[in-house]
Amino acid sequence: MKRLIPLCVVALLYVACKEEPKQTTTEIEEPFEAVEDSTLIEVEEEVTPEKSISELKNELTAKGFKTFDYVDEKTQDTIIMQQYFIAFLKRGTIRNQNEEEAAILQEEHLAHLQKMYDLGYADISGPFGDDGDIRGITIYNVPTQKMADSLANADPMVQAGRLEIEIHPWWAAKGFPLR
């Protein structure tokens, strides 16, 4: 029995320390299509032609958006400015919900914001990093302030009185990313 224990320890160490051959895989980031004989053929992706400035501006105007454009002096590019609506989510007057009710409202609030984003009505939302009266913002990509107000007031947190909405028109360059 005394000889069996050291033998088991040595066997466990051997198995644990045994170096397994490492498998490496290479991911192909370009679009390829496998053919039966294992030959790879590059598949061309469909490229949607970009709309001209006038086409984009006409499309936005037809949908009811307010726009204007200008020529950037440095790049000589024509920049389309579009009116968005920024909703400030402010601390509401009814904040007496218990912890469980507040947690449920928060889940419903986040689901509402996600739905607004998924439907294309909101471009960005988020809370502020302090504990001030203005709790966060949502930027609505809709043609009218009335529509932005209606969507913002459909938020369960607003309906419960935990948040209040203040909406302002806001202009930004169409298609410019945050950085």
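Gln 76 is exposed, with a relative accessible area of 54%, where exposed means over 50% relative accessible area, buried means under 20% and partly exposed lies in between, all with a 1.4 Å probe and protein chains only. This residue sits in the loop between β3 and β4, and Gln 76 has a positive phi of about 65° although it is not a glycine. Most residues other than glycine have a negative phi.

The model is a predicted one, in which local features need pLDDT of at least 70 and side-chain atom pairs count only at pLDDT 80 or more, while totals for chains, interfaces and linings use all residues. Residues are numbered from 1 along each chain as its sequence is written, and side-chain values use heavy atoms, with hydrogens and water left out.

Looking at the chain as a whole, we find five helices and seven strands, which are DSSP runs numbered from the N terminus (H or I with at least four residues for helices, E with at least two for strands). Read from the N terminus on, these elements follow the order α-β-β-α-β-β-α-β-β-α-α-β. The chain has 179 residues, of which 23% count as buried. Its accessible surface comes to about 14200 Å², and 54% of that surface belongs to carbon and sulfur atoms; such areas come from the Shrake-Rupley method with a 1.4 Å probe, and for residues only the protein chains shown count as cover. If we take the contacts (heavy atoms within 4.5 Å) with a separation of 6 or more, residues 24 or more positions apart account for 60% of them.

We can now turn to the interior. In soluble globular proteins, nonpolar side chains tend to be buried together. A nonpolar core is a set of buried Ala, Val, Leu, Ile, Met, Phe, Trp, Tyr and Cys residues joined through side-chain atoms within 4.5 Å, and the largest one here has 10 residues, namely Phe 85, Ala 87, Met 116, Ala 122, Tyr 140, Val 142, Ala 148, Leu 151, Ala 152 and Ile 167. Both β4 (78–91) and α4 (145–153) supply at least two residues of this core, and α4 gives the most, with three residues.

On the surface, Phe 68, Tyr 70 and Trp 171 form a nonpolar patch, with about 290 Å² of accessible area together. Patches are made of residues with over 30% relative accessible area and no salt bridge, like charges being joined within 9 Å and nonpolar side chains (Val, Leu, Ile, Met, Phe, Trp, Tyr) within 5 Å.

Rings of Phe, Tyr and Trp (its six-membered ring) pair if their centres lie within 6.5 Å, and planes under 30 degrees apart count as stacked, over 60 as edge-to-face and the rest as tilted. The rings of Phe 68 and Trp 171 have centres 5.2 Å apart and planes at 50°, so the pair is tilted. Because Phe 68 lies in strand β3 and Trp 171 in strand β7 (residues 163–173), the pair ties together parts that are 103 residues apart in sequence. Phe 68 is partly exposed, with a relative accessible area of 38%, and Trp 171 is partly exposed as well, at 35%.

The last topic is charge. Side chains of opposite charge can pair when their charged atoms come close. The structure holds seven salt bridges, each being a side-chain nitrogen of Lys or Arg within 4 Å of a carboxyl oxygen of Asp or Glu. In one of them, the side chains of Lys 51 and Glu 59 meet at 2.4 Å, N to O; Lys 51 counts as partly exposed at 47% relative accessibility, and Glu 59 counts as partly exposed at 27%.

Another salt bridge brings together Arg 91 and Asp 133 (3.3 Å, N to O), and this pair links distant parts of the chain, with Arg 91 in strand β4 and Asp 133 in the loop between β5 (122–127) and β6 (134–140), 42 residues apart. Arg 91 is partly exposed at 26% relative accessibility, whereas Asp 133 is exposed at 52%. Arg 135 in turn forms a salt bridge with Asp 131, their closest N and O atoms being 3.0 Å apart. Through salt bridges that share partners, Arg 91, Asp 131, Asp 133 and Arg 135 are joined into one network.
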